[in-house]
Amino acid sequence: MANFLDTTVDDLIENFEFLGDWEERFAYLIELGKKLPPLDESEMVEDNRVHGCQAMVWLKMLPAGDSTFEIHADSDAFIVKGLIAVLLMIHNGKTAAQILEDDGTAIFARLGLDRHLSPTRRNGLHSMVSRIKALAAASVAQPA
Amino acid sequence: MNPPAETANLAKRDESVDWTALRNEFPILRETVNGHPLVYLDNAASSQKPQQVIDTVRRYYEHDNANVHRGIHELSNRATEAYEGARQRVADYLNAGSPEEIIFTRGTTEGLNLVANTWALDNLRKGDTILLTEMEHHSNLVPWQILANRIGAKLDFIEVTDDDGQLDLQWLDEQLARARLLSLTHISNTMGTVNPVAEICTHARAAGVVTVVDAAQSAGHTTVDVQAIGCDFLAFSGHKTCGPTGIGVLYGRRELLEAMPPYQGGGEMILKVEYRDSTFNVAPQKFEAGTPNVAGAVGLHAALDYLDAIGREAIFEHDQRLAKRACERLAEIDGIRLFGPSEDRSGVVSFVLPDAHALDLATMADQKGVALRAGHHCNQPLLAKLGVAATARASFYFYNTEAEVDRFIEVLHDVRKLLV
C-alpha cells in the first residue's frame, strides 16, 4: 500500500499546487479522507486512541511482511481522515527504520499544511506522527 | 471616559437602534478572511471591540499610565482615578451596593477560582456538598473538583433535562437542603439556555446556601442586576463584553468579602507588613495583590458605557432575533440536532448535522470567511451526557446582521455538499 489510492506523495504535492486555493485543497483532503479504508469498530478502542486531536482518532500499525508495516487509522472527521491518508502515503510499506527516518514535517511544509492548519489541528497532527514514530521505535526495540 | 458624543447620540435612538452604524464602529469586522468578508459568529468565545474601547486603552497608555494607589505624582493620581472610576462603573453596571463589592480579576475563570480558594476553602468542610449544574463550563466545574478533592467535599449536580437544555428544578429544594454552596451559570455557553437565577437564588437563600453566578455569557448581552438576582458572588469577563482581554470582575456581597481570607499575597493587599506577619487590607484591595490590569479596567469602563448607550435589552432582543432566524433555517435541514430551548434563549446556537463532523464544517466555513466554533465548548461532561463528541456553534452579538445569518446558512449548505 505504499501508493495509497494510487497517489504518491509527489502526486499529492503536484495536485496541491494545481488546486487554486485552500478551499479546494481542503475539499481534496476531504475526498482523500472519504477513500480511506475504515477501521473495524472493534479496533476503535482506547488502546488505539490517539489523544491530543480535537476529533476522535484511532491508529494501529501492523507488520506487512519483509519487515515493513502498514498503518491502519480512522477518524470521525473527514479532514482528519484526509491527513491520515497523507500520513499513509508517507509511511506505509516501509520498515521501522525508514519510518523513523521519514521527515513528515518537511512534506507537510511543502504542502503548505503547516501554515494552513489551525494550531490545535497541528497539535493533533503531531500527536498522530508521534504515535506512528513511537510504534516504529517500539518495534525496533522489541522485534516481533 | 465617556463615549464620544456622536456614538452616544446615535445609540440613544433606542426604539430603532441603527445597528449598521454600530457595526461600522468595529474595525475588525471589515477584515477579509480567506478572500471573503469576515462573518464573525464566535461571540460566545470572545466579542470584538469598538473603536472607542480601542481608543480609550490607547489614550490611557499615551496620557495617563502609571502604577495605581501608590504614587504621589500626577500620573499615578490619574491612573488611580481611572482605575477606581472603572470600579464604580462596574458597580453601577451590576447594580452592586458599592464599589467595594467589585474585585478586578483576569476574567470569569479567576473570579470563580477566587471564590473556591477563599470563601469556600475557609468555610467548607469534609463531607459538605457543593451544588453545581450539569451545564457548567469547565471553569465553573474544575475549580470545585480541585477544592472538593482537597477538603473531602462532595459535588452534586442539578440535571439538564435533554436536548431542550433546561435545568430540572423539581428536586431543587431537596438538593439545596444537602448543599452549602451553589454555583451555576446564568446563560449556557453551549445551549443558550437562560437559567432562572433569581428564582434559584431565592430558594438557595431560604436554605442558607451561598450562591455564585457565572455571568460570562450574560453580562455583555442582557441586564445583570446582582440585587435583583440576589446572589452572593457573580463573575464575568471583559473580553466577552466588548472590553479588553485579561480583565474580569468578581462581585461579592460585602459581609462575605470582609470575612474572607485573602486570595494571593503581595503588594496592594496589605496594610502593614513585618518579617513574620502582615495585616491585610480591606476588600476589594485584599483580593487584588500586585499591580492590577489598569488599562484593562479602563477599557472595560469604556465597553460598559458603550453597551449601556445601546441598551442591554435592545442588545438581547437583537441576539435573540438572529438566533431565532438561524434556528428556523437550521431546523429545515433533515436530521439536524439543535440544542437548547426553542423559546426564550440567548444568541448561542449549537447543532449537530447527521452527516458532517462539526470540525469539518467549521474548517470549511472558515475557508469561506465564516467563523464558527466546533468542539466540546469546554463542556465535555454535558456533551457526553447528550451523546455527542462535538457540536458546531454559532453565537451572535449586536453587530451581526440578518444577512450574516443567511450567509452562514448558505455556507453551511455549500459545505455540506462536500461532506455528504
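Across the interface of chain A and chain B, the rule finds one salt bridge, a term that here stands for a side-chain nitrogen of Lys or Arg within 4 Å of a carboxyl oxygen of Asp or Glu. It joins E23(A) to K368(B), with the closest N and O atoms 2.5 Å apart. Please keep in mind that this is a predicted model, in which local features need pLDDT of at least 70 and side-chain atom pairs count only at pLDDT 80 or more, while totals for chains, interfaces and linings use all residues. Residues are numbered from 1 along each chain as its sequence is written, chains are lettered from A in the order in which they are written, and side-chain values use heavy atoms, with hydrogens and water left out.

On the side of chain A that touches chain B, helix 2 (22-35) and helix 3 (78-91) each supply at least two residues, helices being DSSP runs of H or I, at least four residues, numbered from the N terminus. The largest share, seven residues, comes from helix 2 of chain A.

As for extent, 15 residues of chain A are in contact with 13 residues of chain B, where contact means heavy atoms within 4.5 Å. The area buried between the two chains is about 1,200 Å², of which carbon and sulfur atoms give 58%; this is the accessible area (1.4 Å probe) lost on putting the two together, summed over both.

Let me turn to chain B, where nine of the ten residues of helix 13 (residues 358-367) are buried, so this helix is largely enclosed by the rest of the structure; buried means under 20% relative accessible area (1.4 Å probe, protein chains only). Just after helix 13, G369(B) takes a positive phi of about 85°.

How values were computed. Buried < 20%, exposed > 50% of the residue type's maximum accessible area, 1.4 Å probe, protein only.
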